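Subject: Structure handover

Hello,

Here is the structure I said I would pass on. Please open it first, then read the notes below it.

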Amino acid sequence: IYVKLSKNPEFRRLFANHGAVMLDYYLTYDRVVAATNAINATISERQMNRDQSLYASGRRMYHSFDKTGASLVSYAKGRSEIVRDEFREEFGLGADIKVTIAAEGKGEVRLDDMKLPSTEYTGTFFLGNDMLLEAVPADGASFVGWEDGSTQNPRLVSPKAGDKFVAKFR
């Protein structure tokens, strides 16, 4: 399915933009370490020993299970950069660029139908990958236009490094 989908330009755009937000915000090294530590704190020593012996018993494949989560943390270190390079290779994308997507007033901007982590989000995206931005007003508010004067909504943009796209609501 992925091979067929990856030939579709809209899917490629969506996949790269959603992946960029995930890598830049949700799947950072610090978040992986924090999640690993939080999960480890809830697992008792008895459960860890049981699972370690279960996986080592040969009934299931055993891949460096450790009680501390160190192998997961090690895997996460530098992973974002590796995945970004894989995206570039897979989709023919350009260099990393910082882009800000923001909302002024009561509303939000969605990126390719994705809710962003904040109403003023600056993230690392890929040069040469368009973005479909949609200004979504909150209840009782209305979309006025974009800071650059455009009133097109949704709008497809081709961002460059340092671009800022601001939707205005009243």
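Arg-110 and Glu-108 make a salt bridge, and their closest N and O atoms are 2.7 Å apart. Please keep in mind that this is a predicted model.

Arg-110 is partly exposed, because its relative accessibility is 26%. Glu-108 has 15% relative accessibility and so counts as buried, the limit being under 20%.

The bridge partner of Arg-110 in strand 3 is Lys-115. Strand 2, residues 107-111, is joined to strand 3 by two bridges, and these strands run antiparallel. The sheet they belong to is open and has four strands, in the order 3-2-5-7, with antiparallel pairing. At its edges are strand 3 (114-115) and strand 7 (155-157), each of which pairs on one side only. As background, the strands of a sheet pair through backbone hydrogen bonds, and the pairing can be parallel or antiparallel.

Back to the salt bridges. How many salt bridges does the count come to? The count comes to 11. One of them joins Asp-96 to Arg-88, at 2.8 Å from N to O. Asp-96 has a relative accessible area of 38%, so this residue is partly exposed. Asp-96 and Arg-88 also belong to a network of salt bridges, which links them with Arg-84 and Asp-85. Another salt bridge is formed by Asp-163 and Lys-160, where the closest N and O atoms are 4.0 Å apart.

Next, the aromatic rings. A pair of such rings is described by two values, the distance between the centres and the angle between the planes. The count of aromatic pairs comes to 12. In the pair of Tyr-2 and Phe-11, the ring centres are 6.1 Å apart and the planes are at 70 degrees, so this pair is edge-to-face. Tyr-2 is partly exposed because its relative accessibility is 35%, whereas Phe-11 is buried, with a relative accessible area of 19%. The pair of Tyr-25 and Tyr-26 is edge-to-face too, because the planes are at 85 degrees, with the centres 4.8 Å apart.

Which residues form one aromatic cluster? The members are Tyr-2, Phe-11, Phe-15, Phe-87, Phe-91 and Phe-126.

Tyr-25 comes up several times, and these are the notes on it. Tyr-25 lies in helix 2, which covers residues 9-26. Is Tyr-25 buried or partly exposed? Tyr-25 has 31% relative accessibility and therefore counts as partly exposed. Together with Met-22 and Leu-27, Tyr-25 and Tyr-26 make a nonpolar surface patch of about 330 Å².

Regards

How values were computed
Residues are numbered from 1 along each chain as its sequence is written. This is a predicted model: local features need pLDDT of at least 70, side-chain atom pairs count only at pLDDT 80 or more; totals for chains, interfaces and linings use all residues. Side-chain values use heavy atoms; hydrogens and water are left out. Patches are made of residues with over 30% relative accessible area and no salt bridge: like charges are joined within 9 Å, nonpolar side chains (Val, Leu, Ile, Met, Phe, Trp, Tyr) within 5 Å. Accessible areas come from the Shrake-Rupley method with a 1.4 Å probe; for residues, only the protein chains shown count as cover. A salt bridge is a side-chain nitrogen of Lys or Arg within 4 Å of a carboxyl oxygen of Asp or Glu. Buried means under 20% relative accessible area, exposed over 50%, partly exposed in between (1.4 Å probe, protein chains only). Two strands pair if DSSP finds at least two bridges between them. Rings of Phe, Tyr and Trp (its six-membered ring) pair if their centres lie within 6.5 Å; planes under 30 degrees apart count as stacked, over 60 as edge-to-face and the rest as tilted.
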